[in-house]
Amino acid sequence: GGGCARPLAIATATYAVVLVFATHHPRPEELIGTGGTSDKTLHFIAYAVLAALATGTLAAARMLSPATAALVVAALAGFCAIDEITQPWFSRTTDPLDWVSDCAGAAAGVLVAAAVAAVWRGLRAVSSSGWEPENRRAAPRETRRSCGQGPHGAEPAAPSRAAPGRG
C-alpha cells in the first residue's frame with residue numbers, strides 16, 4: 001500500500017547513487033566482479049533493477065499509469081545517456097551499445113514491476129470485494145498495514161466456527 005512508497009523511494013535514490021558511482025569507477029569489475037557475465041548483461045540487469053524500484057515506488061504511491069510508466073522509461077533513457085556520455089571524464093569509454101542495454105533493461109524493469117503491481121492490485125480487489133475461500137472468514141481490516149503485508153495483514157484468516165452457510 002501507500003506505506004511502502006517512502007522506503008521504496010529511498011531505496012530507488014540510494015540504488016541510483018550507487019549505480020552512478022559504479023558506472024563511473026575506472027574499473028567497476030573491481031567493485032562488483034563480473035563472474036563471467038557479459039558487460040551488456042550487467043548493464044541490462046542494473047537498469048532493470050533501477051526501473052523496477054522506480055516503478056514500484058510509483059505503484060506504492062498509487063501513481064502508476066501507462067503514462068507514468070512510459071515517463072520512467074523515457075527518464076531512465078536520458079539518465080542512461082548522461083551516464084554513458086560522462087564516463088570518459090572518469091577514464092572510462094562511452095559505448096552506445098551499453099546505452100541500448102541500459103534502455104532495454106529499464107523497459108524490462110518497468111514492465112515486470114508494472115505487471116507485479118497489477119497482479120497485486122487484482123489480489124487486493126478480490127480481497128476487498130468480499131470474496132472468501134469456503135469456510136474462511138476474513139480477518140478484520142486495518143486502516144494501515146505495514147509494507148509487505150498482504151491484503152488482510154500479516155496473519156492468515158481464522159477458520160469459521162459456524163456451519164457452512166450460517167456465517
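Colleague: What share of the contacts between residues at least 6 apart in sequence join residues at least 24 apart?

Modeller: In the protein chain that share is 70%, with contact meaning heavy atoms within 4.5 Å. Bear in mind that this is a predicted model, where local features need pLDDT of at least 70, side-chain atom pairs count only at pLDDT 80 or more, and totals for chains, interfaces and linings use all residues. Residues are numbered from 1 along each chain as its sequence is written, and side-chain values use heavy atoms, leaving out hydrogens and water.

Colleague: How do you know what confidence the protein chain has?

Modeller: From pLDDT, the predictor's confidence in each residue, from 0 to 100. The protein chain averages 82, and 74% of the residues score at least 70. Confidence is highest in helix 4, at 97, and lowest in helix 2 (residues 28-32), at a mean of 71. Over residues 151-161 pLDDT stays under 50.

Colleague: Why is the pattern of the protein chain written α-α-α-α-α?

Modeller: The protein chain has 5 helices and 0 strands. Helices (H or I, at least four residues) and strands (E, at least two) are DSSP runs, numbered from the N terminus, so the pattern read along the sequence is α-α-α-α-α.

Colleague: What makes the reach of helix 5 close to the expected one?

Modeller: The expected span is 1.5 Å times one less than the number of residues. Helix 5 (residues 96-128) has 33 residues, so 48 Å is expected, and its first and last C-alpha are 48 Å apart.

Colleague: Which residues of helix 5 are called buried, and what do they pack against?

Modeller: Buried means under 20% relative accessible area (exposed is over 50%, partly exposed in between; 1.4 Å probe, protein chains only). Among those in helix 5 are Asp 98, Cys 103, Val 110 and Ser 127. The buried residues of helix 5 pack against helix 3 (39-60) and helix 4 (66-86).

Colleague: What makes a set of residues a nonpolar core?

Modeller: Its members are buried Ala, Val, Leu, Ile, Met, Phe, Trp, Tyr and Cys residues joined through side-chain atoms within 4.5 Å. The largest core here has 14 residues, and Leu 50 and Val 110 are among those touching the most other members. Helix 1 (5-24), helix 3, helix 4 and helix 5 each supply at least two residues, with the largest share, 6 residues, coming from helix 3.

Colleague: Which residues does Leu 50 contact, leaving aside neighbours within four places in sequence?

Modeller: Leu 50 is in contact with Thr 12, Tyr 15, Ala 16, Leu 19, Leu 76 and Phe 79.
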